[in-house]
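Dear colleague,

I am passing on the structure we spoke about, together with some notes on how its chains meet. Please look it over before reading on.

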2 protein chains.
Amino acid sequence: MSADWFRRRFLPRGPLPAPRPPRPRTSPVPYRRPRFLRGSGSSSGTNDASRRPDARPVRSPVRGRSLPWNAGYAEIINAEKSEFNEDQAACGKLCIRRCEFGVEEDQEWQTLCSEEFLTGHYWALFDGHGGPAAAILAANTLHSCLRRQLEAVVEGMVATQPPMHLSGCCVCPSDPQFVEEKGIRTEDLVIGALESAFQECDEVIGRELEASGQVGGCTALVAVSLKGKLYVANAGDSRAILVRRDEVRPLSSEFTPETERQRIQQLAFIYPELLAGEFTRLEFPRRLKGDDLGQKVLFRDHHMSGWSYKCVEKSDLKYPLIHGQGRQARLLGTLAVSRGLGDHQLRVLDTNIQLKPFLLSVPQVTVLNMDQLEPQEEDVVVMATDGLWDVLSNEQVAWLVRSFLLGNREDPHRFSELAKMLIRSTQGMDDSPIQEGQVSYDDVSVFVIPLHHQGQGHSSR
Amino acid sequence: MSADWFRRRFLPRGPLPAPRPPRPRTSPVPYRRPRFLRGSGSSSGTNDASRRPDARPVRSPVRGRSLPWNAGYAEIINAEKSEFNEDQAACGKLCIRRCEFGVEEDQEWQTLCSEEFLTGHYWALFDGHGGPAAAILAANTLHSCLRRQLEAVVEGMVATQPPMHLSGCCVCPSDPQFVEEKGIRTEDLVIGALESAFQECDEVIGRELEASGQVGGCTALVAVSLKGKLYVANAGDSRAILVRRDEVRPLSSEFTPETERQRIQQLAFIYPELLAGEFTRLEFPRRLKGDDLGQKVLFRDHHMSGWSYKCVEKSDLKYPLIHGQGRQARLLGTLAVSRGLGDHQLRVLDTNIQLKPFLLSVPQVTVLNMDQLEPQEEDVVVMATDGLWDVLSNEQVAWLVRSFLLGNREDPHRFSELAKMLIRSTQGMDDSPIQEGQVSYDDVSVFVIPLHHQGQGHSSR
């Protein structure tokens with residue numbers, strides 16, 4: 001992607017073209033639930049509150065179908081207000097083949113060994129908006145993009161330190177020293193592969209949705225285990241936390257119009273034409289009105305962490321680029337997240353103003369070194385879409401996790417039961433610690449990934 | 001500042017104009033040392049190693065001249081390689097007058113009360129480059145800019161919560177609730193004032209240097225005490241740390257081409273014309289050469305935290321936008337810092353490529369709540385230019401501070417003596433913990449600010 005590309009794509013000269021009506025060339029993306037839910041109806045525990053006639057069904061994999069690392073999974077649909085669950089999930093084994101450097105003159109890379117060379121595992125949650133299509137495409141596609149990106153650099157990953165040249169040939173004798181001085185580690189190649197995979201997947205979704213005449217976008221939260229490390233990549237407002245006996249550690253942070261205010265305001269500063277004269281990039285405590293004209297009111301611009309006062313002019317009365325607080329904050333009055341996949345066609349209602357230029361598909365990646373962690377029996381990673389975190393804090397989830405696991409040490413299905421229990425807790429069922437009336441009406445999906453005895457035995461053939 | 005301004009200033013259409021030769025209209029900024037050093041020759045302790053004929057003089061205020069909070073200060077010049085010390089320092093009382101809202105129909109703000117309304121203290125270090133002029137102007141100017149910016153919002157600062165309207169009039173009854181929901185606190189107004197003051201000072205320096213036909217820039221590290229809080233604002237590579245008996249806490253972080261790589265690369269991505277075809281924005285472990293052509297080598301672009309491999313093309317052989325490691329890292333082969341004041345005329349040697357578009361004058365501000373801290377006898381803030389931190393780590397400085405203060409409890413001049421001792425430690429004198437041969441040849445300036453019994457009694461009339 002180049003700056004020229006950005007300008008051609010988002011800043012056409014002359015009047016803005018009308019949005020092209022979607023011309024379906026392929027059949028629409030079919031709706032589906034994750035493959036590993038096949039055969040499961042609603043959740044079926046003996047104590048299952050979901051059996052109450054007023055309750056929504058909690059779904060989880062049928063007993064006997066085990067997920068990687070014996071992880072637990074459960075989901076619930078949004079108060080059945082819509083027909084579709086816009087959340088999607090995926091997990092599985094990640095098999096990286098070795099690509100070797102050809103001996104031909106053209107020095108092309110070739111897959112000389114088609115067998116798996118390095119294996120890992122993959123868990124992913126996608127929270128869709130504007131329809132389920134983007135999340136379904138992401139669940140179908142992202143792991144393949146990641147596999148491809150990892151295979152492209154796998155030769156560099158198996159060395160102690162990534163070589164300057166992927167071929168391993170040393171053009172300059174002090175190349176290893178340059179790499180060492182930059183502090184480049186093999187985990188940086190996995191981070192780079194995750195970043196590239198998210199972008200590649202975003203492009204695939206853009207093409208597929210355009211071809212099928214569909215719209216929509218989704219967030220993406222991915223955990224990948226590889227060579228003794230757990231990588232958590234996040235683009236959106238889902239969240240992963242590590243829960244241990246004495247520790248609750250966030251493994252991701254949320255990307256919303258509020259948390260990315262400065263980046264978004266700065267883009268509008270650089271390319272004011274993206275707002276088409278309809279929005280103000282400045283932040284005020286509330287939307288301004290005529291009575292505020294000429295007054296000095298609190299404001300923030302792109303370069304400010306603090307607040308100051310400015311004299312209100314007429315242009316400040318426009319609708320704000322970022323508006324609302326907390327869960328209600330919206331980008332261009334439209335979108336609650338600032339990173340994710342898809343949304344290539346998304347425009348502000350009844351205008352030609354595009355959202356996509358303000359959105360990033362690149363994730364933030366955190367790395368958990370499992371060897372250093374020495375995981376204990378009850379150590380888990382909890383990944384969930386925002387429906388869970390809207391009503392439960394990290395600490396409340398950690399309390400539920402610890403008390404459940406301590407009380408269910410012998411149950412081989414305890415991580416699956418824990419995932420279901422967490423979902424039920426968002427519905428005010430069981431011994432939910434949430435306050436009366438504070439119930440999630442959003443789609444909610446949860447993975448519980450146990451860390452004990454995992455991450456060892458990572459081998460390359 | 002608007003995006004149009006940025007484009008007009010840095011992106012002229014057509015061929016780039018030749019740099020205007022400076023046309024001095026005013027006399028050059030006269031060289032000087034900080035006012036509070038008047039009367040001091042070199043440092044004069046009985047044990048003073050600076051008396052050795054081969055040693056450089058350590059300067060500090062004469063005994064009897066006390067700085068705010070009885071702070072200590074000392075400085076040393078760069079191995080006397082140049083005639084001038086490019087570091088500058090300033091400190092003093094900060095007197096904020098109250099500006100009241102006029103009753104006139106035009107509702108203009110007026111300084112109705114010329115006496116001080118709120119008082120604080122101010123300590124600042126400036127590390128100049130390309131000559132001493134910018135640092136001298138900053139030391140002469142920044143505190144006035146800050147006073148002006150604080151006076152413009154002081155009405156909002158004295159309330160428990162900043163009012164939506166500076167006049168205090170309530171256009172909308174739920175205005176306080178909007179401010180509350182945004183979490184806007186009075187300290188955000190001080191942060192905003194510091195951000196604005198740095199920018200205003202940068203503009204003043206630009207005008208003054210142009211008028212006097214001089215060049216140069218400087219970093220700026222400022223500590224401000226106000227209403228029980230200590231604000232540390234930093235633009236550049238100086239550093240402030242809090243040293244307590246059981247804690248060493250960084251109060252600033254450095255802004256260099258390395259730490260701001262993604263921001264700088266992104267600007268070059270958006271405005272490739274800023275590189276005039278002479279530089280590549282991509283990062284590689286070392287500068288590439290002809291032998292690397294066609295090879296797949298490690299690289300990073302603006303959107304990447306991780307690393308990946310790319311096939312080397314001819315354009316990748318250009319000089320890198322950011323080059324070198326650690327202390328040697330340079331922006332456009334020229335500058336070691338990415339934030340600061342001045343440098344309006346700075347260009348890459350023998351080209352017309354400007355540095356200024358890549359530089360930010362806005363500081364990062366951290367806040368130390370003195371009331372919560374309950375400072376003890378030996379708690380101090382150490383502020384110093386990079387010459388100190390090049391050879392001493394935070395932990396080494398903390399060790400020197402603790403052992404010195406414990407051994408000199410009764411000395412009323414101990415903070416001044418400590419500042420001198422820290423300077424001498426960079427020269428391999430005294431019981432310096434630095435390794436043999438690892439001596440600072442840069443200018444070094446140090447403030448030691450004791451926190452005990454301070455920050456209380458902050459009153460507004």
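What follows describes the contact between the two chains.

Please keep in mind that this is a predicted model. Chain B can be laid on chain A by a turn of 180° with a shift of 0.0 Å along the axis, and the RMSD is then 0.0 Å; the two copies are thus related as by a two-fold rotation axis. Within chain B, the C-alpha that lies nearest this axis belongs to Ile270(B), at 4.4 Å from it. The same surface serves both copies, in that 98% of the contact residues of chain B recur in chain A.

As for the extent of the contact, chain B gives 57 residues and chain A gives 56 residues, and the area buried between them is about 5,000 Å², with 59% of it coming from carbon and sulfur atoms. Met164(B), Lys182(B) and Tyr309(B) together supply 14% of the area that chain B buries against chain A, which is more than any other three residues supply.

Between the two chains, 24 residue pairs are in polar contact.

Several elements of chain B give two or more residues to the side that touches chain A, among them helix H1 (3-10), helix H2 (133-157) and strand S11 (308-311), while the largest share, six residues, comes from H4(B). By type, the residues on that side of chain B divide into 29 nonpolar, 14 polar and 14 charged.

With best wishes

Note on methods
Residues are numbered from 1 along each chain as its sequence is written. Chains are lettered from A and ligands numbered from 1 in the order in which they are written. This is a predicted model: local features need pLDDT of at least 70, side-chain atom pairs count only at pLDDT 80 or more; totals for chains, interfaces and linings use all residues. Side-chain values use heavy atoms; hydrogens and water are left out. Copies are superposed by least squares on the C-alpha atoms of residues with pLDDT of at least 70 in both. Contact means heavy atoms within 4.5 Å. Buried area is the accessible area (1.4 Å probe) that two parts lose on being put together, summed over both. A polar contact is a pair of N or O atoms within 3.5 Å; within protein, one must be able to donate a hydrogen and the other to accept it, and residues adjacent in sequence count only if both atoms are side-chain atoms. Helices (H or I, at least four residues) and strands (E, at least two) are DSSP runs, numbered from the N terminus. Ala, Val, Leu, Ile, Met, Phe, Trp, Tyr, Cys and Pro count as nonpolar, Asp, Glu, Lys and Arg as charged, and the others, Gly among them, as polar.
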